[in-house]
Amino acid sequence: MTFGRRKGPSGPFLRSRISPENRPDMRTLTARRTRRLGLVVTVGLVAALFAGSSSATTGVVTPYSRTTPMILQGPPPEDLAANKNGICTGRFTHVIRNVGGAASAKTYLDQAALCDLKVILFFSTTADHTTGVVYPSRVAALVNTVKTHPALFGYLSVKEPSWVGITAAEIRSLYSAYKAADPNHPVIGLWGDIPHFGMSVNPYTNGMADIVMVDWYPVETTTGSNTIYLTTGPTHYKRVRSVVSSVTPGRPIWLMVQTHKYLKPSTHKKQRPSESLLARQVREGFVYLGAKGIAFHTWSNVNYTIDQRRDPTMVAWMNDLARRIQAGTFQ
């Protein structure tokens with residue numbers, strides 16, 4: 001399998017929908033495309049990792065390079081068009097987007113192509129994360145409409161399945177449906193509840209994902225203004241890494257880190273990370289999880305106290321962190 005970086009977009013979506021005042025100039029776009037030649041991503045990333053290159057669970061890894069995926073979760077097409085907070089002119093490489101059907105997926109892919117971003121699509125009609133019901137029979141028709149689009153990176157099949165009761169068999173059924181419809185793009189699964197990763201309540205087996213993504217949001221608060229950092233992340237990361245290495249040797253792991261603030265849960269309040277705590281999350285992911293990609297949660301959620309869309313300072317920190325990782329200078 002090769003998931004190479006596309007050549008320049010062609011056809012009707014060449015017409016830029018980025019507003020003139022925010023539109024990157026040709027020098028900026030050329031620099032971005034040069035920088036991203038490494039996103040022959042997965043010849044260097046997925047192919048090497050599928051070949052079985054994994055480090056010892058306790059080893060320190062430094063996978064810093066321009067090919068390390070830097071992933072935004074959920075920016076809408078209108079924010080791509082407006083280059084909101086520098087989405088299109090920053091160091092981000094991928095976007096994850098929930099879509100309801102083929103038409104919205106194709107619209108999003110067209111807009112992402114103008115930003116030189118690769119897209120991971122989550123088709124919300126194939127897995128209901130409210131009821132925990134999956135619909136593998138719906139996958140092929142949706143995938144067939146997008147699988148040749150040059151901006152497509154792959155598919156997100158499930159999100160934190162343990163919380164809604166999606167079973168191991170159901171995760172495998174979705175994976176099989178995606179791979180049958182499109183064997184040429186990776187399927188990503190996103191697991192939460194990492195203290196129980198690989199256990200019966202949060203299962204991980206072969207035949208679930210080509211890329212394993214996990215999330216862990218360690219920046220909390222008891223008062224809304226103080227900050228507490230959960231220090232158990234590295235312990236959980238080492239266990240996740242051990243399970244993945246044992247069950248599916250060489251399978252790449254990506255980490256989704258916290259950038260938001262959310263005060264509603266009475267016993268699980270999240271505090272906005274400082275710049276140093278953002279970097280700490282990423283550093284621990286590289287060192288203990290062996291992460292090969294970093295995703296940032298989340299671009300927009302109106303239920304949260306703050307998210308990236310309302311926090312350009314956070315996005316600037318994320319962008320600078322991505323720049324240093326891609327330059328090999330992140331410590």
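**Figure 1. P75 in the loop between β1 and α3.** In this predicted model, P75 sits in the loop that links β1 (70-73) to α3. With a relative accessibility of 0%, P75 counts as buried, because buried means under 20%. Leaving out residues up to four places away in sequence, P75 touches L80, I87, V95, I96, R97, Y108 and W299.

Figure 2. Let us move to the next loop, between α3 (77-81) and β2 (94-99), which is where N83 is placed. Is N83 buried or exposed? N83 is buried, since its relative accessible area is 8% and the cut-off for buried is under 20%. What does its side chain reach? The side chain of N83 comes to 3.2 Å from the backbone nitrogen of I87. The backbone of N83 is worth a look too: its phi is near 55°, a positive value in a residue other than glycine. For context, most residues other than glycine have a negative phi. N83 and C115 are separated by 32 residues in sequence, while their C-alpha atoms are 8.3 Å apart in space.

**Figure 3. D116, in the loop between α4 and β3.** D116 belongs to the loop that runs between α4 (102-114) and β3 (118-123). Here too phi is positive in a residue other than glycine, with a value near 60° for D116. The relative accessibility of D116 is 5%, so this residue counts as buried.

**Figure 4. Helix α7 and its buried residues.** Helix α7 covers residues 168-181, 14 residues in total. From its first C-alpha to its last, α7 reaches 20 Å, close to the 20 Å expected at 1.5 Å a residue. Which residues of α7 are buried? They are A168, I171, L174, Y175, A177, Y178, K179 and A181.

**Figure 5. The packing of α8 against α9.** Two packed helices are described by the angle between their axes and the distance between the axes. For α8 (residues 233-247) and α9 (residues 275-289), the angle is about 40° and the axes are 8 Å apart. This angle makes α8 oblique to α9. The two helices cross in a right-handed sense. On the α8 side, the contact is made by P234, Y237, K238, V240 and R241, and on the α9 side by E284, G285, V287, Y288 and L289.

**Figure 6. The packing of α9 against α10.** Helix α9 also meets α10: their axes come within 10 Å and cross at roughly 40°. The two helices are therefore oblique to each other. The crossing of α9 and α10 is right-handed. Which residues make the contact? From α9 they are E275, L278, A279, V282 and F286, and from α10 they are M314, W317, M318, D320, L321 and I325.

**Figure 7. A cis peptide bond between H297 and T298.** Between β12 and α10 lies a loop that holds T298. The peptide bond leading from H297 to T298 is cis, and its omega is near -5°. Most peptide bonds are trans, which gives this view its interest.

Figure 8. D307 lies in the loop between β12 (293-297) and α10 (312-327). Its relative accessibility is 3%, so D307 counts as buried. Where does the side chain of D307 reach? It comes to 3.3 Å from the backbone nitrogen of R309. The side chains of D307 and R310 are joined by a polar contact of 3.1 Å. Setting aside neighbours within four places in sequence, D307 is in contact with T298, W299, S300, N301 and V302.

**Figure 9. The whole chain, for orientation.** Of its 331 residues, 53% count as buried. Among contacts between residues at least 6 apart in sequence, 75% join residues at least 24 apart.

Conventions:
Residues numbered from 1 in each chain as written. Predicted model: local features only at pLDDT ≥ 70, side-chain atom pairs only at ≥ 80, totals over all residues. Heavy atoms only, no water. Helix = DSSP H or I, 4+ residues; strand = E, 2+ residues; numbered from the N terminus. Expected span 1.5 Å × (residues − 1). Buried < 20%, exposed > 50% of the residue type's maximum accessible area, 1.4 Å probe, protein only. Polar contact = N/O pair within 3.5 Å; in protein donor to acceptor, adjacent residues only side chain to side chain. Axes fitted to C-alpha atoms, helices over the stretch in contact; angles between N-to-C directions. Parallel < 35°, antiparallel > 145°, perpendicular 65-115°, else oblique. Left-handed = near helix turned anticlockwise from the far one by under 90°. Contact = heavy atoms within 4.5 Å.
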